[in-house]
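Hello,

Here is the structure I promised to hand over. My notes on it follow below.

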Amino acid sequence: MAQADADLRRQLEVHFGTSELSAPDKSPLVSATANVMTWVIQGARSMYRVAQPEILVAAISSSTKANALAVWSSSGRDWIVFSEGLMVLLCDQMDCVAARFAATFPDLMNTKLMQRLLAESPLPGGFTNALSSFLYFAAVAFFTGHEAGHHLAGHATQYPKHAHAEDSESGAIDTGGEWLIGHALERDADLLGLTLCRIAMIRLLSKLWGVEEAENLSADKRQIFQCVLAAMISTGALTAAVFIKPKSIDWDNVPNGTHSPAVARLLTLATSISDAIKKNFHDLDPIYRRWIRLMSLEVAVGASIKPGTDADRLQQERSARGGEPAAIRATGIRKALYDPTFRKYTAQLNATIKEIRPRLKPRR
């Protein structure tokens, strides 16, 4: 279907530089990623209210560019495309992310449920351990869910060129000059991406742990189950969002981008994650929810800091002192969190999505 869809192939040329596609069995990593995308698409299809939810389909681009794409085709299909370049970028980060995760959440690592999970074989794709592969699963599930979110939320009306790309710096996507609309749509898709990531992760971990329904667990085990899920989803989603090195926000330049600045997106996503955990994981108290949000952010950001940079030196200095998480301070994220301009920006996003909601045509 992908090879025969002229609209899709045209968008692939624009955003990936090639229309060449990869078969799901091309390599272990491609196969593993295709399986994650399938789990997410099944969850997204269940939310479709249209008569034929199978119009939501996916393809894999052989491009080495790190990018993900949503396409509204004249064939009537809603496409999600993931590039091999993005797979490799995320895969290469996961050992570092997993090591930081283990060091940051020792209480979770020592639980019987987590030990049982870690005893599983890693997912295919060249991962060195099970934890790395499961965090990769979460990152891919979030990215896929984000692109599916653009379809579910009916964003097609806001993209006159019939596509949305994660990396759209080329300006190929036009939102009519209303930069806040583009940023608000991104946050809207992030929220749905979190939901779909959560559904896929619950299915995966429940299967691995042999749990049909988490509610069948005892209260203590259910709390641990929720802790592990929340920490993995948070870390995976934030790692997906931070694949571009975080930097301070240049508020004067914000209107020139089709996406939120890296730091702003991380902070709005972290806040959304905290809200989602509160809504869906009722056995976790407020203090632990905030801890998961903060430390998942610390893990993802810390893994993105390149050795030898100023941020790396600052991180090491602050780590030596102890106390405040070092990575989010070294990269300026903590400062941005308390920047009144960021709070104003968040309020603008909320107002904008509320204003344009009546113009959208959701699939759900």
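Start with Asp78. Its relative accessibility is 0%, so Asp78 counts as buried. Keep in mind that this is a predicted model.

Asp78 has a salt-bridge partner, Arg363, with the closest N and O atoms 3.0 Å apart. The two sit in distant parts of the chain: Asp78 belongs to strand S3 (residues 78-83), while Arg363 is in the segment after helix H14 (340-356), 285 residues apart. Arg363 is partly exposed, at 23% relative accessibility.

Next, Arg357 and Asp188. They also form a salt bridge, with 2.9 Å between the closest N and O atoms. Arg357 lies in the segment after H14 and Asp188 in helix H7 (residues 179-209), so this pair ties together parts that are 169 residues apart in sequence. Arg357 is partly exposed, with a relative accessible area of 36%. Asp188 is buried at 7%.

A local case comes next. Arg313 and Asp310 meet in a salt bridge at 2.2 Å, N to O. Both lie in helix H11 (residues 310-321), 3 residues apart, about one turn of the helix. Arg313 is partly exposed at 43%. Asp310 has 53% relative accessibility, so Asp310 counts as exposed.

These pairs are among the 6 salt bridges in the structure.

Now the whole chain. The secondary structure comes to 14 helices and 4 strands. Of the 364 residues, 55% are buried. Among contacts with a separation of 6 or more, 73% join residues 24 or more positions apart. The chain exposes about 15,800 Å², and carbon and sulfur atoms supply 51% of that area.

Best regards

Definitions and conventions: Residues are numbered from 1 along each chain as its sequence is written. This is a predicted model: local features need pLDDT of at least 70, side-chain atom pairs count only at pLDDT 80 or more; totals for chains, interfaces and linings use all residues. Side-chain values use heavy atoms; hydrogens and water are left out. Buried means under 20% relative accessible area, exposed over 50%, partly exposed in between (1.4 Å probe, protein chains only). Contact means heavy atoms within 4.5 Å. Accessible areas come from the Shrake-Rupley method with a 1.4 Å probe; for residues, only the protein chains shown count as cover. A salt bridge is a side-chain nitrogen of Lys or Arg within 4 Å of a carboxyl oxygen of Asp or Glu.
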